[in-house]
Amino acid sequence: TTVALLNAVKGFDIISIAPNPVVTDNFKLNVASAQAGKMEISIFDMQGRLVTNQTISLIAGFNSLPVQADQLSAGTYTLRCRVAGEQFKIIRFVKQ
């Protein structure tokens with residue numbers, strides 16, 4: 001198990017994408033958040049085109065969020081997360 005300590009009143013961190021490479025129709029985005037709120041998740045292809053966009057509710061603490069990947073063709077993608085007022089966090093993943 002992964003333990004993430006967020007020593008802050010606000011902020012969030014992407015811990016991991018599981019599984020990576022993604023081999024199924026969805027994957028888990030594991031995020032630690034200092035507070036509850038809404039997070040916008042955008043997935044871009046390697047040409048920088050927006051492929052999918054969704055907003056997910058976070059709880060304070062550890063979040064394991066299901067993200068749909070069935071519409072993604074095989075390739076490498078950039079997943080960008082943002083909570084209002086915070087910097088973007090970015091993680092790459094591969095869809096097989």
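**Nonpolar core and aromatic contacts**

In the largest nonpolar core, which has 22 residues, the members touching the most others are Phe27, Leu29, Met39, Leu79 and Phe93. A nonpolar core is here a set of buried Ala, Val, Leu, Ile, Met, Phe, Trp, Tyr and Cys residues joined through side-chain atoms within 4.5 Å; buried means under 20% relative accessible area, exposed over 50% and partly exposed in between (1.4 Å probe, protein chains only). Two or more residues are given to this core by each of strands E1 (12-18), E2 (26-33), E3 (37-44), E4 (50-58), E5 (61-68), E6 (75-83) and E7 (89-95). The largest share, four residues, is from E6. Helices (H or I, at least four residues) and strands (E, at least two) are DSSP runs, numbered from the N terminus.

The model is predicted: local features need pLDDT of at least 70 and side-chain atom pairs count only at pLDDT 80 or more, whereas totals for chains, interfaces and linings use all residues. Residues are numbered from 1 along each chain as its sequence is written, and side-chain values use heavy atoms, with hydrogens and water left out.

Phe27 is buried, at 1% relative accessibility. Apart from neighbours within four places in sequence, Phe27 is in contact (heavy atoms within 4.5 Å) with Ile17, Ala18, Pro19, Val22, Ile43, Leu65, Pro66, Val67, Ala69, Leu79 and Phe93.

Two aromatic pairs were found in a search of the whole structure. Rings of Phe, Tyr and Trp (its six-membered ring) pair if their centres lie within 6.5 Å; planes under 30 degrees apart count as stacked, over 60 as edge-to-face and the rest as tilted. The Phe27 and Phe93 rings have centres 4.9 Å apart and planes at 45°, so this pair is tilted. The pair links distant parts of the chain, with Phe27 in strand E2 and Phe93 in strand E7, 66 residues apart. Phe93 is likewise buried, at a relative accessible area of 1%. For Tyr77 and Phe93, the ring centres are 5.7 Å apart and the planes lie at 25°, so the pair is stacked. Because Tyr77 lies in E6 and Phe93 in E7, this pair ties together parts 16 residues apart in sequence. Tyr77 is buried, with a relative accessible area of 5%.

Ile91 lies in strand E7 and is buried at 18% relative accessibility. Its contacts, leaving aside neighbours within four places in sequence, are Ile14, Ser16, Ile17, Tyr77, Thr78 and Leu79.
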